Amino acid sequence: MRRSGGQQDGDERLLVATDVRKAFAGTVALAGVSLRLEPRSTVGLIGPNGSGKTTLINCVSGVVRPDAGSVRVGGVDLAQRPSHARAKAGVARTFQNIRLFRDLTVAQNCEVALVAQPRARRAETLPVAEVLELLGLADAARERSSALSYGAQRRAELARAAVTAPRFLLLDEPAAGMNERETEELIAAIRALRERLGCGVLVVEHDLGLIGALCDTVEVLDAGNCISRGTPQEVRADPAVIEAYIGGGGEPDRADRAGGTDRTPTPGQIEQTEEVSQ
Ligand SMILES: Nc1ncnc2c1ncn2[C@@H]1O[C@H](COP(=O)(O)OP(=O)(O)OP(=O)(O)O)[C@@H](O)[C@H]1O
């Protein structure tokens with residue numbers, strides 16, 4: 001079947017998640033969420049703390065098996081297949097927390113990722129030096145990753161995912177803890193990668209400046225449901241989104257659950273950060 005985006009469902013560069021559901025011991029994390037990731041497009045995933053964003057990225061990347069629903073790449077359902085089946089299909093991800101090998105150099109971290117690639121995809125990988133150049137890390141190639149600045153470590157994580165030449169790049173809060181300058185460098189790095197790889201990018205982020213600057217479409221989750229979908233401008237004007245943020249962002253117990261710092265922005269911040277990025 002031909003879709004509006006021009007990609008066919010059998011296309012190996014198209015990822016379609018449909019009606020994904022997941023509960024943890026009675027807590028419904030995802031109540032049936034769908035999304036579509038096309039080549040060269042960037043989809044943003046936002047929502048209050050605990051709304052299901054990380055669970056969705058985990059279900060798409062194979063870290064968590066959904067209770068129901070499908071995750072199709074090239075028309076093949078990978079939902080119940082292990083992580084390495086996703087890797088074979090070209091799905092790569094980064095995590096909220098930095099997971100570099102601290103005692104290895106930046107280049108060695110990338111090489112480890114290449115060795116871990118399934119045999120079927122090894123011919124498609126990118127040269128480490130090219131990726132490090134693209135991400136502004138050429139001079140850091142031989143440095144131990146623990147010696148890098150925080151922003152550079154986060155870009156090194158991106159490099160480690162990028163050398164596998166993913167068709168789908170999933171980023172879980174890539175700008176977490178970054179200052180404004182580091183975030184700007186990250187936005188430029190993600191754009192450069194998207195251009196070089198022609199991949200689809202899914203980004204979970206509380207920084208709505210980054211979302212507005214990078215994303216073609218944004219999905220908004222609240223309590224495991226998609227409550228809005230559209231361009232960054234459309235979702236920011238959607239009353240359902242404003243209500244979700246007023247209801248969720250201001251609740252102290254939600255801030256506590258998120259570890260003490262509630263990074264969920266208020267509707268005013270959505271307005272402000274997106275205006276800055278335009
Ligand atoms: N492994 C787990 N065990 C039990 N409950 C979980 C687990 N993972 C997630 N949950 C619960 O599922 C719901 C969704 O969590 P999730 O981490 O996906 O939200 P999120 O939108 O990514 O939140 P945040 O913005 O704070 O990272 C929350 O109620 C959370 O407590």
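In this predicted model, 6 strands line up as an open, mixed sheet in the order β6-β7-β8-β3-β9-β10. Strands here are DSSP E runs of at least two residues and helices are H or I runs of at least four, both numbered from the N terminus; two strands pair if DSSP finds at least two bridges between them. At the edges sit β6 (91–94) and β10 (225–230), each pairing on one side only. Neighbouring strands are turned by 20° against each other on average, ignoring direction. Angles run from 0 to 180 degrees between N-to-C directions, with axes fitted to C-alpha atoms, for helices over the stretch in contact. Residues are numbered from 1 along each chain as its sequence is written. Local features need pLDDT of at least 70 and side-chain atom pairs count only at pLDDT 80 or more, while totals for chains, interfaces and linings use all residues.

Inside the sheet, β3 (42–46) and β9 (217–222) run parallel and share 4 bridges, with Ile-46 opposite Val-220 of β9. Helix α1 lies across β3, β6, β7, β8 and β9, at about 150° to β7. Helix α5 (150–162) also packs on the sheet, touching β6 and β7, and makes about 170° with β6. Contact here means C-beta atoms, placed from the backbone, within 7 Å.

Then there's the ligand, with 12 residues around it, Phe-24, Ala-29, Asn-49, Thr-54 and Thr-55 being the closest. A residue counts as near if its C-beta atom, placed from the backbone, lies within 6 Å. Both β2 (27–37) and α1 (53–61) supply at least two shell residues, and α1 gives the most, with 3.

Notes:
Contact = placed C-beta atoms within 7 Å.
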